[in-house]
Amino acid sequence: MDISLQKVAYRYQENTPFETLAIKDVDINITSGSYTAIIGHTGSGKSTVLQHLNALLTPTSGNVVIGDRLIESGRKNKNLAPIRQKVGIVFQFPESQLFEETVEKDICFGPMNFGVSEEEAKHRAKKALREVGLSEEYLTKSPFDLSGGQMRRVAIAGVLAMEPEVLVLDEPTAGLDPRGRKEIMDMFYRLHKERNLTTILVTHSMEDAAIYADKIVIMNKGNVYKEGEPEAIFSNSEDLIEIGLNVPDIVRFQQKLETLLGYKLDRVHLNMETFIMEVSDHLKKKEDNQ
Amino acid sequence: MDHKVLVAVDSLTFMYEDQQKKALDNVSFQVMQGEWVAIVGHNGSGKSTLAKLLNGLYFSAEGSIRIGDIKISEETVWEARKKIGMVFQNPDNQFVGTTVKDDVAFGLENNAVPREEMHIRVETALAKVNMLPFLDQEPHHLSGGQKQRVAIAGVIALKPSIIVLDEATSMLDPQGRQEVLELMKELKQENMTVISITHDLDEAARADRIIIMNEGKIYKEGKPSEIFQLEKELIDIGLDIPFAIKLRSGLRKQGIQLDKITLTEEELVTELWTSHFKK
């Protein structure tokens with residue numbers, strides 16, 4: 001499903017002394033089936049953008065198009081439930097939203113709220129639980145007896161069980177240990193491919209953006225500062241450093257090496273493996289020449 | 001660093017009420033005055049339980065914790081908490097004052113510090129964390145990193161001998177994280193004893209010593225340079241290794257000879273260049 005923000009501005013607490021302009025003139029096009037990463041430091045407006053993606057916020061000016069629905073400023077937009085079903089948001093620390101007596105009831109809550117039968121919801125709960133890497137035994141447990149990492153997975157299963165077409169992930173791995181982080185990120189990537197989802201990842205991790213996304217949008221001071229493919233975005237690190245962001249470790253390392261070499265390698269490497277291969281090929285050629 | 005033991009944990013064992021598995025199982029270690037120790041482990045390894053016991057939020061039935069000459073118990077906990085300051089994960093959950101100044105003063109008021117002295121201590125603490133210009137600001141105007149720095153000021157205003165940071169950087173953006181890490185380094189230089197509980201390996205790499213927890217037990221203990229040689233073992237227990245060490249090992253696997261042991265990016269790039277390109 002395509003989503004686009006067209007000249008969107010949003011003011012919090014409009015017409016009060018606390019009025020603040022969170023985003024302005026924001027144009028973002030997200031095409032169906034793409035994986036977009038939104039990066040920016042705290043206060044850059046990325047959370048405000050996120051809340052426009054399923055019409056939790058209505059723009060103060062400009063339009064948001066979600067699939068075939070137009071969300072206009074200054075209008076009461078009714079019947080938003082179908083949008084909320086199609087665009088699933090995994091909020092930061094989603095485990096804090098668990099509330100039911102059992103894992104099964106908690107996962108079923110969302111789909112049943114959207115009119116899915118109990119039988120179908122239970123079927124989806126099983127499937128979703130499997131997808132997040134937990135066995136069926138967990139269905140009857142209380143979510144509050146689980147570890148933090150398991151609770152996070154249950155909360156994610158609750159979003160997956162609504163079978164959304166678009167998955168919006170707000171810092172989904174915050175607070176997890178390295179293995180947990182990788183497992184969750186790989187799982188989202190697998191679902192992205194298998195279910196042909198449109199995925200939007202809000203993150204502080206340059207590494208995750210570089211590895212998983214096919215497009216990166218950088219927010220700064222309520223505006224889109226830059227957008228493009230990861231390779232293009234990270235090939236110009238000065239721009240990022242200027243707004244307090246960084247490039248992935250491997251990109252920074254390559255730049256340091258290039259400074260010493262006095263020339264550039266063939267391309268900007270976003271992962272360690274391809275970088276090592278190029279360095280190794282490079283050295284082999286060098287030996288052959290000598 | 002002096003060679004005086006400040007924290008002595010001895011055969012500490014702890015089990016949560018409704019669980020069958022020990023969250024901590026016979027844990028013993030010491031922290032010296034002025035030392036920075038990082039306690040590392042995956043989620044559920046027991047490291048946060050340890051933090052809660054260090055601060056007397058829980059008490060164990062077996063084993064003991066001594067802070068200086070105080071053995072932590074229900075009777076001595078208030079005395080012990082004067083010596084050990086805690087900074088937690090979520091910057092929003094530990095801001096109690098309506099302004100930065102009030103927030104830092106909160107702990108001092110609770111300890112009945114005279115008003116005159118309170119003013120001095122608040123300002124000194126805020127100056128130390130570089131937040132003095134924000135004295136009268138309200139918390140919602142601050143970034144996550146700034147809030148954590150204020151939380152740290154609140155702790156150092158109480159002049160503890162040791163500061164425990166329980167995943168204090170894990171909810172911050174990269175800039176905020178950097179700010180707090182810099183501050184930790186400065187505190188350590190001023191001879192503050194620091195225990196940082198974390199699964200950020202770059203944070204742990206800055207410590208004097210790393211203690212790795214796994215399944216409620218101490219799995220390994222040593223200097224960062226020693227610990228990070230364990231590469232595969234660390235990954236097997238759900239941790240990771242710092243970028244520069246991972247890259248070095250990847251390059252070597254590809255047959256690129258790197259003899260010198262390097263721990264940082266700078267060292268590695270120099271080593272790679274001098275031994276292979278600079279000819």
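Of the 290 residues in chain A, 41% count as buried. The model is predicted.

**View 1. Chain A as a whole.** The chain holds 11 helices and 10 strands. Along the principal axes, the C-alpha trace of chain A spans about 75 × 50 × 35 Å. Among contacts in chain A with a separation of 6 or more, 61% are between residues 24 or more positions apart.

**View 2. The six-stranded sheet of chain A.** In chain A, 6 strands make up an open sheet with mixed pairing, in the order β6-β7-β8-β3-β9-β10. The edges are taken by β6 (87–90) and β10 (223–228) of chain A, each of which has a single partner strand, so one side of each lacks a neighbour in the sheet. From one strand to the next, the twist averages 15°. Strands of a sheet pair through backbone hydrogen bonds, in either a parallel or an antiparallel sense.

View 3. Strand β9 (residues 215–220) of chain A runs antiparallel to β10(A), and 5 bridges join the two. Which residue of β10(A) is the bridge partner of M219(A)? The partner is V224(A).

View 4. Is G43(A) buried or exposed, or partly exposed? G43(A) is partly exposed, because the 17 other C-beta atoms within 10 Å of its own fall between the limits of 12 or fewer for exposed and 20 or more for buried. N220(A) is 177 residues away from G43(A) in sequence, but the C-alpha atoms of the two are 8.2 Å apart in space. N220(A) falls within the residue range of β9 of chain A, 215–220.

**View 5. The largest nonpolar core.** This core has 152 residues, and V168(A) and A153(B) touch the most other members. Helix α5 (residues 148–160) of chain A contributes the largest share, 7 residues. From chain B, at least three residues of the core come from each of domain 1 (5–241) and domain 2 (242–279). Leaving aside residues up to four places away in sequence, A153(B) touches V104(B), A125(B), L126(B), K128(B), V129(B) and M131(B). In soluble globular proteins, nonpolar side chains tend to be buried together.

View 6. Over 4 bridges, β6(B) pairs in the parallel sense with strand β7 (residues 162–166) of chain B. Within β7(B), L165(B) is the residue opposite V87(B).

View 7. Domain 1 (5–241) and domain 2 (242–279) of chain B come from the domain assignment. Their centres, taken over C-alpha atoms, are separated by 34 Å. The contact involves 7 residues of domain 1 of chain B and 5 residues of domain 2 of chain B. On the domain 1 side, helix α7 (residues 201–205) of chain B gives the most, with 3 residues. By class, that side of domain 1 has 4 nonpolar, 1 polar and 2 charged residues.

**View 8. The contact of chain B with chain A.** How many residues does each chain bring to the contact? Chain B brings 30 residues and chain A brings 27 residues. On the chain B side, α6 (174–189), α10 (243–253) and α11 (265–277) each supply at least two residues. The most come from α11(B), which gives 6 residues. Sorted by class, the chain B side has 11 nonpolar, 15 polar and 4 charged residues.

Notes
Residues are numbered from 1 along each chain as its sequence is written. Chains are lettered from A and ligands numbered from 1 in the order in which they are written. This is a predicted model: local features need pLDDT of at least 70, side-chain atom pairs count only at pLDDT 80 or more; totals for chains, interfaces and linings use all residues. Two strands pair if DSSP finds at least two bridges between them. Axes are lines fitted to C-alpha atoms, for helices over the stretch in contact, and angles run from 0 to 180 degrees between N-to-C directions. A nonpolar core is a set of buried Ala, Val, Leu, Ile, Met, Phe, Trp, Tyr and Cys residues joined through C-beta atoms within 7 Å. Domain bounds come from an automatic or database domain assignment. Two residues are in contact if their C-beta atoms, placed from the backbone, lie within 7 Å. Ala, Val, Leu, Ile, Met, Phe, Trp, Tyr, Cys and Pro count as nonpolar, Asp, Glu, Lys and Arg as charged, and the others, Gly among them, as polar.
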